Amino acid sequence: MAHNEPQPKSLGRGIGRVLTGLAAGAAFGAAATALMRIRHRGTPHPEPRTAPVPDTRPWEAAVGLLRTGVCLVDDHNRVLYTNRAARDLGLVDDHEIVSLTLRALLAQARRSGRYRDAEIEVPKQVMGEPSAVSVRITPLPDGVSVAEFQDISELHRVERVRRDFVANISHELKTPVGAMQILSEALKDAAEDPDAAARFADRIRSESKRMNHLVTDLLELSRLQGAEKLPDPEPVEVDRIVMEAFDQTRIAAEEKGIELRLTGLEDMEVLGNEAQLVTAVKNLVGNAISYSPENTAVEVETSMTSPTGHLAGVKMVCIRVRDQGIGIPAEELDRIFERFYRVDAARSRQTGGTGLGLAIVKHVAVNHGGRVEVSSMPDAGSVFTLMLPARSLPSDATAPDSAEIGTSQQAAR
């Protein structure tokens, strides 16, 4: 998937000014209409509520398409005009301001005669976290005010993710580094005890290996999230992907007496990057081995399906990894693909897990136009399904480059 070059901050600010100018210009056009209505109203008494008359002028169509909410209100908090974005936020309806906080901001702006900026929380109409909305109130003559609304909930979510990531990576790196520092001091004191020195040296090697895995997974996740341009996709045999993943996890399986099985359809192909796809399947198989008891089996089944939804009509290759392990509680299923999230942190540290394996699987799937799903029950094992678009091109066709795949994915979204 192709990734756009980062835009300069000045360009982003310029685009923002253009959009703000368009919203403000359209809003002032509506304000002029509202002022005319006020001057001809002739009475301060509230008018009966009636449905707004459809306005077919160009400015209304333009403002109606904006993602920024725009609302014109009079001095009685009656709505003179509002676009759909403003209504969808739940602060106003077609007749009046419904948010008490917004009414208070409007009153403050009218008294001061200056614009007011604020950030307010809007409760969801259904269950869920409240939305964060940035509000600007600009008072105009004759008691009319312009209110602009911008939903910034996603910005808050990204900021929380960033803070959590920094905190998590700091903790994950601090643990092995601190352990190696203590072990190195113990090793120095055990210079005259060869057995203790060897034991401490093995622990240092284990902690350094864990830190190396963590850094490697971080770099891989960074590449998948767009730090580097994705390689151009090539036809890749599904059987080859699975067998390579088996080769990379066979030693861990043999240590626990776990049998690796491959069943299902053969001779299927997908378009993508072989190294990334092998990493994804290897992570799924490695997880299955780590969380399965000894002398059991991990089965990988390959099949073809035609899903529903936005992928309807696309033949998808399914790579299912089934284990006989401890399973995952239902309340944890929605979070297991988050970075550093572990169902059992103690067991993950014991097995050398970094908490990034499933996040990598998710990003590999998305970058290849697919998805990953999971079904599980405690003490009944888990089934992870990696779904990828099947290669349906003629054998002599040329594979599209990564830029074309990226463009098609963005269009699909």
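**View 1. Buried residues of helix H10 in the predicted model.** Gly357, Leu358, Ala359, Ile360, Val361, Val364, Ala365 and Asn367 are the buried residues of H10. Because 8 of the 11 residues of this helix (residues 357-367) are buried, H10 is largely enclosed by the rest of the structure. Just after H10, Gly369 adopts a positive phi of about 75°.

**View 2. Surroundings of Thr296.** Thr296 is located in the loop between helix H8 (274-290) and strand E9 (297-305). With a relative accessibility of 14%, Thr296 counts as buried, because the limit for this class is under 20%. A polar atom of the Thr296 side chain lies 2.8 Å from the backbone oxygen of Pro293. When neighbours within four places in sequence are left aside, Thr296 is in contact with Gly257, Ile258, Glu259 and Gln324.

**View 3. The largest nonpolar core.** This core has 44 residues, and Val270, Val285, Ile319 and Leu386 are those with the most contacts inside it. Two or more residues each are given to this core by helix H6 (194-227), helix H7 (238-255), H8, E9, strand E10 (316-322), H10 and strand E12 (382-389). Of these elements, H8 gives the most, with 8 residues.

**View 4. Contacts of Val285.** Leaving aside neighbours within four places in sequence, Val285 is in contact with Phe246, Thr249, Leu260, Val300 and Val321.

**View 5. A second, separate core.** This core consists of 19 residues, among them Ala86, Ile120, Val122 and Ala147.

Notes:
Residues are numbered from 1 along each chain as its sequence is written. This is a predicted model: local features need pLDDT of at least 70, side-chain atom pairs count only at pLDDT 80 or more; totals for chains, interfaces and linings use all residues. Side-chain values use heavy atoms; hydrogens and water are left out. Buried means under 20% relative accessible area, exposed over 50%, partly exposed in between (1.4 Å probe, protein chains only). Helices (H or I, at least four residues) and strands (E, at least two) are DSSP runs, numbered from the N terminus. A polar contact is a pair of N or O atoms within 3.5 Å; within protein, one must be able to donate a hydrogen and the other to accept it, and residues adjacent in sequence count only if both atoms are side-chain atoms. Contact means heavy atoms within 4.5 Å. A nonpolar core is a set of buried Ala, Val, Leu, Ile, Met, Phe, Trp, Tyr and Cys residues joined through side-chain atoms within 4.5 Å.
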